[in-house]
Structure formats: structure tokens, C-alpha cells
Amino acid sequence: MPLQRPFRFGVNMFVPGSRREWSAKCRRAEELGFDVVGVADHLEFSAPFPAMVLAAEATERVRLSTFVLNTPFYNPVLLARDVASTDQFIDGRMELGLGAGYVKSEFDTAGIPFPSGGRRVEQLEQTVTTLRGLFADTEYQPRPAQPSGPPLLIAGWGDRLLRLAAAHADIIAFPGGWASTTGDALHLAGVAQVEERLAYVRGLLGDRADAVELNILVQQVIPPAEASAMPDRFAPLSPDAPHSPEELPSVLIGTPTEMAQQIKERSARYGFTYFTVMEYNMENFAPVIAALR
């Protein structure tokens, strides 16, 4: 019998602001019932690690996640120090989310070569094995608060990345689609595509299937009052999408009760139990959490 996990709900923060503004919205996320506050990692956003430490000061319960680090930007040994220090300073509330990076313009701005997808996955694998090895060493300092280091979330869509996630991740996160080669457009996946990716991962997980949590990044949360704006909201997300918004597993549409039912159905169909929304959807999604609880 498959393990039945409780639902978890996260919100991914990315709008920079003052100390007061950042603290207030993290407190608000906790008040609304979210379980995880994630911090995105893009050049124009707040730096993830200080943002997480400040979020921990402003909250009491929520876990804090990098969702997700642009891993090729980081030296693995230096990253281990930042991860361990942050986990220590936030009392073990950290989850470490890693990705392979996908926005070429950010690499260009940082003066970092933009490798092939395969090479970026190799860099991600090197980082994962370095972190695991360092945190397993009882003499390693600084020590993370969680003995083996924070739970590891790996996010992505392609075969190579999902093979890595199946081998190492505690949480596998699906972005709901795949980025273009330059990272400037997102192609949202339909039902058949999501099912194929999940079947691929489960075939790789084998005996680990019950031990790994499955996350999906919900791209849009659309209450009835905003339904008329759907075409405008979806045009930049997936300009050539062959599916209507209602058919997309990464989209929720309707009243809180209707969206809560969609969450239940997608959990039963796909196995997702951890749902993350974007910061701009935080208030719209909060009644769905209340409806489910």
C-alpha cells in the first residue's frame, strides 16, 4: 500500500523589498497556513540565504526553502558552508532546493559560460555528491542543524535531471512544463506529458518511491473573478500551448472549494502531495488551504 503523505503547501517568494516588507509577507504566508516559504534564485531577486535567515526571524513554524538555486552559479564547497550556516541559524527549518539553471541571459549577465543541458546536470550532480559527502563527515564545520543536512529537493523536467533526482532527492519538484532553450518561455505540460514524466521517475525510483515526496509548481491560481483575464495571463507563459488552461495540471481554476477538489484529484491521479504557488498567487490560494483543512 503506497504511503499516504499529508498535503504540504508552499509559496515561492521573489519580489524584493525592504526588511520590513520581506518580514511582513513571510509572516503573512505563515498566517495563511502555508507550510513552506520558498526563495527563488534569480539575479534580480533577493539573495536566497540572507532572505531565508530574515524569514526565520519573522516566523515561527514554516520551513524555509531555496526554490531553487541556480546551482551552476555556486562552488560546491562554498555552497556547503552557506547551506550549513543557514540551517544552523534557522534552527533546522531549511529545505535545500537545487536546479540546473535555465535562463541563459542570467549566465551572460554574470559572465559565466552557459554550458549544455547535460553539462549543467553534471555540475548539479557534482554539487549534490559534494554536499552529501561533506555533511556525512562528523568532523565537518560548520555543522548544519539537521544531522545529514537539509532535505534535498531537486527540480526539473528532462531525463538526465530526473535520473539524478531519483537517485538522490528527498523531494522531486516538477515545474509543470519545460523551458525553452534560452529560458525565455515556458511550455506548460498537459496531462499526458505529466503522466509520462511521472511514470519515468517512478520507474527509476523503484523501492525509493514511497520515501520521496512529489511537488508541483502551480503556475496559475485563477478564481472566478479573474477568469476573463486567462488569455492574457497564459500568452506569455506558453505562447504555443496546445491545451486549454483547464486541462493543465499546473493550473487551478474556480472557487476555493473547486480548486480544493482539483488538488485532491491531482494528488490521487499523479501522486503530488506538495503544492507550491507563486508569490502573486499567495492570497488567492490561501482559501484553498483552508478548504482542504
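**Entry 1: the sheet**

I began with the strands and found a closed barrel of eight, in the order E1-E2-E3-E4-E5-E6-E9-E12, with parallel pairing. On average, neighbouring strands of this sheet are turned by 25 degrees against each other, direction ignored. I noted that the model is a predicted one. For my own reference, strands of a sheet pair through backbone hydrogen bonds, either parallel or antiparallel.

E2 covers residues 36-39 and E3 covers residues 63-70; the two run parallel and are joined by four bridges. Which residue of E3 is the bridge partner of valine 39? I found that it is threonine 66.

**Entry 2: helices on the sheet**

Next I checked helix H2, residues 48-58. I found H2 lying across E2, E3 and strand E4 (94-99), and its direction is at about 170 degrees to E3. Helix H5, residues 117-136, also packs on the sheet, where it touches E4 and strand E5 (152-155). The direction of H5 makes about 155 degrees with that of E4.

**Entry 3: threonine 59**

I picked threonine 59, which lies in the loop between H2 and E3. Is threonine 59 buried or exposed? Its relative accessibility is 6%, and the limit for buried is under 20%, so I wrote it down as buried.

I then listed what surrounds threonine 59. A polar atom of its side chain lies 2.7 Å from the backbone oxygen of alanine 55. The side chain of threonine 59 also makes a polar contact of 3.1 Å with the side chain of arginine 93. Leaving out residues up to four places away in sequence, I found that threonine 59 touches Cys26, Arg27, Glu30 and Arg93.

**Entry 4: aromatic rings**

How many aromatic pairs does the structure hold? I noted 13. A pair of aromatic rings is described by the distance of the centres and the angle of the planes.

I looked at phenylalanine 174 and phenylalanine 272. Their ring centres are 5.9 Å apart and their planes stand at 70 degrees; edge-to-face requires over 60, so this pair is edge-to-face. Phenylalanine 174 lies in strand E6 (residues 171-174), while phenylalanine 272 lies in the loop between helix H9 (256-270) and strand E12 (274-278), so the pair ties together parts 98 residues apart in sequence. I recorded both phenylalanines as buried.

Elsewhere I found one aromatic cluster formed by Phe7, Phe9, Phe34, Phe275 and Phe285.

**Entry 5: charges over rings**

Last, I looked up two arginines. The charged end of arginine 8 sits over the ring of tyrosine 274, at 4.3 Å from the ring centre. The charged end of arginine 197 sits over the ring of tyrosine 200, at 4.8 Å from the centre.

Conventions
Residues numbered from 1 in each chain as written. Predicted model: local features only at pLDDT ≥ 70, side-chain atom pairs only at ≥ 80, totals over all residues. Heavy atoms only, no water. Pairing = 2+ DSSP bridges. Axes fitted to C-alpha atoms, helices over the stretch in contact; angles between N-to-C directions. Contact = heavy atoms within 4.5 Å. Buried < 20%, exposed > 50% of the residue type's maximum accessible area, 1.4 Å probe, protein only. Polar contact = N/O pair within 3.5 Å; in protein donor to acceptor, adjacent residues only side chain to side chain. Phe/Tyr/Trp six-rings, centres within 6.5 Å; stacked < 30°, edge-to-face > 60°. Lys NZ or Arg CZ within 6 Å of the ring centre and 35° of its normal.
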